[in-house]
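Here's a quick briefing to read alongside the model. Keep the 3D view open as you go.

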Amino acid sequence: MNDPHLLTLTVNGAEEEVVVEPRRTLADVVRHDLRLTGTHVGCEHGVCGACNVLLDGRAVRACLLFAVQVDGHAVTTVEGLGEEGASHPAQTAFVEHGALQCGFCTPGFLVSLAELLPELAGLEDSALRESLSGNICRCTGYQAIVAAARGAAP
């Protein structure tokens, strides 16, 4: 019943094979097996958003998914945002607008913004705040994060 499974998935553009027990979460596999520690684990209940990754381009909570559920899919972590030698627009905007303090929530926000980027320009502030409400920050007060999101808009 708990026999290990061989998973094949694309992580940040590279094909990876990982042997996992069925009970392990995607967050655990990303952090411990693939050593991509930018994906943070906070509440482990899907509330804080620190563990967000893109699954086939959609932001998901890696702490709520079993790794076996993503077999054959594409996962992008915060390390996979941007291009070789160039930051993702959300990363650049976070720096320019001082939208981070302790940095624990930052990867989850960046992943959420990466998904929102194509529609950011058309979002009203209330809709933008609603879109980001699944990420919890205990340091910034959100004003700089909203400003950074606006700064990342195409």
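What follows covers the overall fold, the cores and some helix packing.

This is a predicted model, where local features need pLDDT of at least 70, side-chain atom pairs count only at pLDDT 80 or more, and totals for chains, interfaces and linings use all residues. Residues are numbered from 1 along each chain as its sequence is written, and side-chain values use heavy atoms, with hydrogens and water left out.

**Overall fold**
- You'll find five helices and five strands in the chain; these are DSSP runs numbered from the N terminus, with helices being H or I of at least four residues and strands being E of at least two.
- Reading from the N terminus, the order is β-β-α-β-β-β-α-α-α-α.
- Some 44% of the 154 residues count as buried (under 20% relative accessible area, with a 1.4 Å probe and protein chains only).

- The largest nonpolar core has 26 residues, and Phe94, Leu113, Leu120, Leu128 and Leu132 touch the most other members. A core here is a set of buried Ala, Val, Leu, Ile, Met, Phe, Trp, Tyr and Cys residues joined through side-chain atoms within 4.5 Å.
- Helices α2 (89-96), α3 (106-116), α4 and α5 each supply at least two residues of this core.
- A second, separate core of 20 residues includes Leu7, Val20, Leu34 and Ala67.

**Where α4 meets α5**
- Helix α4 (residues 125-132) packs on helix α5 (residues 143-152) at about 110 degrees, with the axes 11 Å apart. Axes are lines fitted to C-alpha atoms over the stretch in contact, and angles run from 0 to 180 degrees between N-to-C directions.
- That makes α4 roughly perpendicular to α5 (65 to 115 degrees).
- On the α4 side, Asp125, Leu128, Arg129 and Leu132 make the contact, and on the α5 side Gln143, Ile145, Val146, Ala149 and Arg150 do (contact means heavy atoms within 4.5 Å).
- Leaving aside neighbours within four places in sequence, Leu128 is in contact with Leu116, Leu120, Leu123, Val146, Ala149 and Arg150.

**Around α1**
- Leu26, Ala27, Val29 and Val30 are buried in helix α1 (residues 26-33).
- The buried residues of α1 pack against β2 (14-20), β3 (52-55) and β5 (74-76).

Methods: Angles under 35 degrees count as roughly parallel, over 145 as roughly antiparallel, 65 to 115 as roughly perpendicular and the rest as oblique. Buried means under 20% relative accessible area, exposed over 50%, partly exposed in between (1.4 Å probe, protein chains only).
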